[in-house]
Amino acid sequence: MESDAIVTASTATLPQSGARRHLMKVAILSLSLLLCSVSVTMAVVSSLRQDYPNASTMELQGFVNIPVIGGIIATLVGGFLAAKVGKKNLCLAGTLLCFLGGFLPMFVPDLDMKTALRVLCGFGVGLIQPLSASLIVDCFKKGREADTMMGIQSAMVGLGATIFSSAIAGIMVVDWHYFYFVYFIALLVFVIVLVFVPNSVNEIGRVRRSNAQNTGGAVNAKKRKMPLSAYFGMLVQIVFATGYGFYTVNLSLAAEETGTISAVQAATVMTVVSMSSLVGGFLFGFAKRFLGMRIGIVAIALEAIGLAMWANTSSLNIWFAAAVLFGVGFCWFMPYVNFLVNEHTDPTLSAQATSYAFFGNSIGSFLPTYAFAAIGAITGVTSTWKSMNFAAVLMVVCIAMILAFNAFDKNNASETE
């Protein structure tokens with residue numbers, strides 16, 4: 001009799017050493033290069049106005065913002081699809097959609113059609129996003145290797161943003177109309193994943209109709225429930241991303257408010273954040289070996305300190321120091337959350353659990369502008385500079401949430417023993 005069954009492949013079927021394992025690592029990490037491929041195109045919005053002078057500012061911004069909606073939808077359905085079609089197959093579909101949705105708008109004259117096609121790109125990135133982290137949880141044993149890989153994954157996101165933005169800047173020097181060619185990077189990642197990620201990855205946590213008596217792999221008749229940590233990770237991401245968003249939305253304006261730091265210097269501060277995030281990602285595995293899961297609290301504390309330093313000083317040197325703390329804190333928090341949401345999952349749930357975390361991050365990223373307006377209406381504080389204090393408070397709230405959840409989780413575990 002056929003029924004829905006969970007057919008899981010052991011990681012023993014994956015390359016365990018040598019060049020094939022290293023190439024598999026490179027292929028999985030290469031997915032993270034694409035995660036910022038939609039947002040970095042903000043640089044071409046002003047150039048779009050040359051071809052569409054009658055378009056409103058909202059329509060021009062929609063070229064970047066609307067595709068993000070496709071990504072949010074994909075993060076919700078991606079975990080479910082991974083268990084049905086296989087995780088490698090979903091990675092290939094995501095990278096291909098990223099390429100097609102990014103490159104094909106070059107041949108479409110209408111701005112609305114260009115934006116609509118780019119939703120495909122956003123949807124593809126949304127499919128890739130949770131898999132870029134959950135595959136590390138699935139394919140590498142917990143410990144030094146997984147910690148190192150998760151830290152590098154965080155660094156690769158920043159590296160991808162640097163590659164895309166630098167390539168776009170270089171192309172725009174010649175003719176901005178050809179910036180769409182940067183999406184051939186997605187096609188390259190497609191080929192790398194196709195060649196170097198083993199097909200057996202498709203069977204990790206896959207759910208399909210099968211005859212339990214004739215199934216060669218391990219079959220679990222009962223599917224595990226999504227752990228509470230997955231939902232908590234989504235919630236803490238919403239609060240964290242809202243606080244982090246005050247940096248992205250307000251830092252440049254806050255710098256000018258100080259009267260001593262220019263917008264150009266603020267851009268340099270942002271560069272320091274990016275570089276610190278890149279370097280910090282490579283140090284995540286080393287730091288986690290000493291701190292364990294306490295690294296999440298340390299990471300958020302670094303964010304809070306950095307925000308408070310920006311809010312209460314006008315010294316450029318102190319702003320640079322805050323940028324280092326803030327950058328390291330961010331690149332340590334993201335892999336921490338990926339581990340948190342997967343702490344009690346198995347391969348059938350890992351992609352979906354990770355997608356919840358990224359969904360929370362996406363929701364939180366939309367809120368800072370509205371949160372800033374609400375704070376102004378409630379408190380009368382409309383200073384973008386001093387708003388960083390409120391962002392720091394949100395980080396403290398995140399720490400309190402994690403401490404409360406850890407206590408609850410520990411108590412719950414002791415009761416079930």
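Analyst: Happy to! Keep in mind that this is a predicted model.

User: How do I judge the span of H7, from its first C-alpha to its last?

Analyst: Compare the span with what is expected at 1.5 Å a residue. H7 runs over residues 184-196, which is 13 residues, and reaches 18 Å, close to the expected 18 Å.

User: Is H12 mostly covered or mostly uncovered?

Analyst: Mostly covered, with 14 of its 17 residues buried. Gly364 is a residue to look at in H12. Its relative accessible area is 0%, so Gly364 is buried.

User: What is Gly364 in contact with, beyond its neighbours within four places in sequence?

Analyst: Contact here means heavy atoms within 4.5 Å. By that test, and with those neighbours left aside, Gly364 contacts Ile238, Ala241 and Thr242. For a sense of distance, the C-alpha atoms of Gly364 and Leu35 are separated by 17 Å, and these two residues are 329 apart along the chain.

User: Now, Phe164 and Ile185: how far apart are they in sequence and in space?

Analyst: They are 21 residues apart in sequence and 8.6 Å apart in space, C-alpha to C-alpha. Phe164 is found in helix H6, residues 144-174, while Ile185 is found in H7. Not counting residues up to four places away in sequence, Phe164 touches Leu33, Leu34, Ser37, Val40, Val182, Tyr183 and Ile185. Ile185, with its neighbours within four places left aside, is in contact with Leu34, Ile163 and Phe164.

User: Why is Phe164 put in the class it has, and why is Ile185 put in its own?

Analyst: The cut-offs decide: buried is under 20% relative accessible area, exposed is over 50%, and partly exposed is in between. Phe164 has 1%, so Phe164 is buried. Ile185 has 21%, so Ile185 is partly exposed. Met401, placed in helix H14 (residues 387-416), has 18% and is therefore buried. Leaving aside neighbours within four places in sequence, Met401 contacts Phe232, Leu235, Val236 and Val239.

User: Finally, how do H8 and H10 pack, and what is the angle?

Analyst: For a pair of helices, look at the angle, the axis distance, the handedness and the residues that meet. H8 (residues 228-258) and H10 (residues 295-312) pack at about 35°, and their axes are 12 Å apart. Their crossing is left-handed. From H8, the residues Phe240, Gly243, Tyr244, Tyr247 and Leu251 meet Ile300, Glu303, Leu307 and Trp310 of H10. Sorted by class, this contact has 7 nonpolar, 1 polar and 1 charged residues.

Key:
Residues are numbered from 1 along each chain as its sequence is written. This is a predicted model: local features need pLDDT of at least 70, side-chain atom pairs count only at pLDDT 80 or more; totals for chains, interfaces and linings use all residues. Side-chain values use heavy atoms; hydrogens and water are left out. Axes are lines fitted to C-alpha atoms, for helices over the stretch in contact, and angles run from 0 to 180 degrees between N-to-C directions. Helices (H or I, at least four residues) and strands (E, at least two) are DSSP runs, numbered from the N terminus. A crossing is left-handed if the near helix is turned anticlockwise from the far one by less than a right angle, and right-handed if clockwise. Ala, Val, Leu, Ile, Met, Phe, Trp, Tyr, Cys and Pro count as nonpolar, Asp, Glu, Lys and Arg as charged, and the others, Gly among them, as polar. The expected span of a helix is 1.5 Å times one less than its number of residues. Buried means under 20% relative accessible area, exposed over 50%, partly exposed in between (1.4 Å probe, protein chains only).
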